[in-house]
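Hi,

Here's the structure I promised to pass on.

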Amino acid sequence: MSATRLTADSLYRFFRAGEEETFALQGVGLQVEKGEIVAVTGPSGSGKTTLLSCLAGLDEPDGGTVHVAGERLSHQQEHLRSRLRARYIGVLFQSGNLLEHLTVRDNIRLVQGISGGTDRPGVHELLRDVGVAPRAGALPRQLSGGEAARAGLAVALANNPAVLLADELTGEVDGETERRVLALLRERARAGTAMVLVTHSRAVAAVADRVLRLRDGRWVR
Ligand code: ADP
Ligand code: MG
């Protein structure tokens, strides 16, 4: 693997609803190196979630390409995208990434089971790092907002991803929890994980190596 973990080349994405067309991404490029944290900011509707979805291979760009760990993720068959995602990417969206009928512990085991890798942290260690070890046996609906966010982060990190993609990761947590989460992210970045963090938080932007701003589907220079 070269040091570049994630490359997006001139991404375009538009949505059509009847007469109305929305240009959510209009030629967005991005390159993230091993261990680098990139924060993405921008007003509501500027394309942040659409960009993350394309980077995660959960959505297909209408133009442009995405490569992760040197492999093409965009315009691949769904099963190939799923495999690359399981192997290389940790995803944390606002909708959450916890399956409702599984305990926190089993959510992590599930992700580790399908990732296929061997170099991954233990379940207890992951939960301890995000400060929710005592909640390992809880179901997602039994967690507070902050606990759910942290358990979601543990799930996103469970496959020891080359790339972590998170949408408003610390949106629902208090200041102390945010500091703890950010310290963990810095530590993971030091260990090599590349990150793209969509955020409105100054604290998150402050730990980033670069802060990029989207407006109307384009980078603001
Ligand atoms: P942000 O995350 O920055 O708030 P989004 O990426 O969610 O922005 O949305 C960018 C633009 O694309 C918005 O105008 C939004 O309404 C539109 N959009 C996003 N997803 C869809 C969709 N599935 N169908 C139609 N329009 C969408
Ligand atoms: Mg969004």
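An oxygen atom of ligand 1 sits 2.6 Å from an N or O atom in the side chain of Thr50, a polar contact (a pair of N or O atoms within 3.5 Å). There's another with the side chain of Thr49, at 2.9 Å from a ligand oxygen, and a polar backbone atom of Gly47 is 3.1 Å from an oxygen of the ligand. On its own, ligand 1 exposes 560 Å², and the protein buries 58% of that (accessible areas by Shrake-Rupley, 1.4 Å probe).

Bear in mind that this is a predicted model: local features need pLDDT of at least 70, side-chain atom pairs count only at pLDDT 80 or more, and totals for chains, interfaces and linings use all residues. Residues are numbered from 1 along each chain as written, chains are lettered from A and ligands numbered from 1 in the order written, and side-chain values use heavy atoms, without hydrogens or water.

The shell around ligand 1 (residues with a heavy atom within 4 Å) includes Phe15, Lys48 and Thr22. Helix H1 (48–56) and strand S2 (20–33) each give at least two of its residues, with H1 supplying the largest share, three. Helices here are DSSP runs (H or I) of at least four residues, and strands (E) of at least two.

Elsewhere, the axes of helices H3 (residues 104–115) and H5 (residues 145–157) come within 8 Å and cross at roughly 20 degrees (lines fitted to C-alpha atoms over the stretch in contact, angles from 0 to 180 degrees between N-to-C directions). So H3 is roughly parallel to H5 (under 35 degrees).

Cheers

Technical notes:
Polar contact = N/O pair within 3.5 Å; in protein donor to acceptor, adjacent residues only side chain to side chain. Parallel < 35°, antiparallel > 145°, perpendicular 65-115°, else oblique.
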